[in-house]
Amino acid sequence: MESIQLALDWTPNVNHIGFFVAKQKGFYSETDLEVNLISPAEDDYALTPAKKVALGKADFALCPMESILSYRTKEIPFGLKAIAAIYQDDLSAIVSLKEAGITSPKDLDGKSYASYQAKYEDEIVKQMIINDGGKGNIDIYYPSKLGIWETIIKGDHDSTWIFLNWEGVQAKGKEIELSTFKMRDFEVPYSYSPVLAASEEQVKSRAKTYKKFLEATKQGFLFAAKNKAEAEKILSPWVSESDADIDFKAALDLSSPSFGDHSNWGRIDPGNVKKYLDWIYNKGLEKVKVNVDDLLSTTLMD
């Protein structure tokens, strides 16, 4: 059996359900793959998923498209490539507690934002505020990554970036009302998140193995969409104690329509990515020009 190491972008949640299903149902083992799913809780995010790939500690990372661009524009670039998208739609949003009276992004001027300290993140949020007629004068804080959501719930910070199909579902279950601001509603053509990323060198040298991994992963996500109750039972033991009370059915109901189907699961539209890249360059968030083709590797999905 060949080994595959996948560094998750967060503690196990609905975004990862297809991997856990593929592992539990034997889709990986049927193709002679032994897949290890690495949670960032193992090192409290000391290394990002993308960094683990760059250091050779993982074959694949789950990360936003911005991470691919970031590694391609470093002083010494690393050949990170986006391989497949988990969702065909953006399920994320900037949120605040409704009781705070923040009704649109411009109201975040003078407020606080709990950041994951990802490259471009803070400037993207500031630009969203500006697009809404504000000044972008938001105070940025960097709490422990795995504790960011809790700082919003407690009111320590005014806003952050979440997945509506996970933290959003958690909030609803606890009857916590949120104000939500989606990027595309405020002229930010946000791209895919999360994406599966891998080293360009490894994509070439282990193409056959990586293709098997992607095909089995696709099976896992499509199985989860059609067999929700079973998929929920497979994922639930892996979810952190702090998330254990989430409504798994609601989370999967929100997520599964964006998985795509057998013909387009994992698809990354280069036009979508180019639009986002052009926006990043036009707003001065990145100076080093990178072609879309340098960020994507679609050969494994053929």
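Start by selecting Arg 72 and Glu 200: their side chains form a salt bridge, with N and O 2.9 Å apart. A salt bridge here means a side-chain nitrogen of Lys or Arg within 4 Å of a carboxyl oxygen of Asp or Glu. Arg 72 belongs to helix α3 and Glu 200 to helix α7 (residues 200-205), so the pair ties together parts that are 128 residues apart in sequence. Helices (H or I, at least four residues) and strands (E, at least two) are DSSP runs, numbered from the N terminus.

A word on what you are viewing: this is a predicted model, in which local features need pLDDT of at least 70 and side-chain atom pairs count only at pLDDT 80 or more, while totals for chains, interfaces and linings use all residues. Residues are numbered from 1 along each chain as its sequence is written, and side-chain values use heavy atoms, leaving out hydrogens and water.

Now colour the pair by accessibility. Arg 72 counts as buried at 17% relative accessibility, whereas Glu 200 is partly exposed at 25%. Buried means under 20% relative accessible area, exposed over 50%, and partly exposed in between (1.4 Å probe, protein chains only).

Stay in helix α3 (residues 65-72) and select Met 65. Is this residue buried or exposed? Met 65 is buried, with a relative accessible area of 3%. Show what surrounds it: leaving aside residues up to four places away in sequence, Met 65 touches several residues, including Ala 82, Tyr 192, Ile 268 and Leu 296. Contact means heavy atoms within 4.5 Å.

Next, select Lys 119 and Glu 286, whose side chains meet in a salt bridge (3.3 Å, N to O). Lys 119 sits in the loop between β6 (112-114) and α4 (121-131), and Glu 286 in the loop between α11 (270-282) and α12 (292-295), so this pair ties together parts 167 residues apart in sequence. Lys 119 is partly exposed at 39%, but Glu 286 is buried at 8%.

For a pair within one helix, go to α8 (residues 207-226): Lys 218 and Glu 215 are three residues apart there, separated by about one helical turn. Their closest N and O atoms are 3.8 Å apart, forming a salt bridge.

Then select Glu 2, Asp 59 and Arg 206, which are linked in a network of salt bridges. The structure holds 13 salt bridges.

Finally, zoom out. The protein chain has twelve helices and ten strands, and buried residues make up 55% of its 302 residues.
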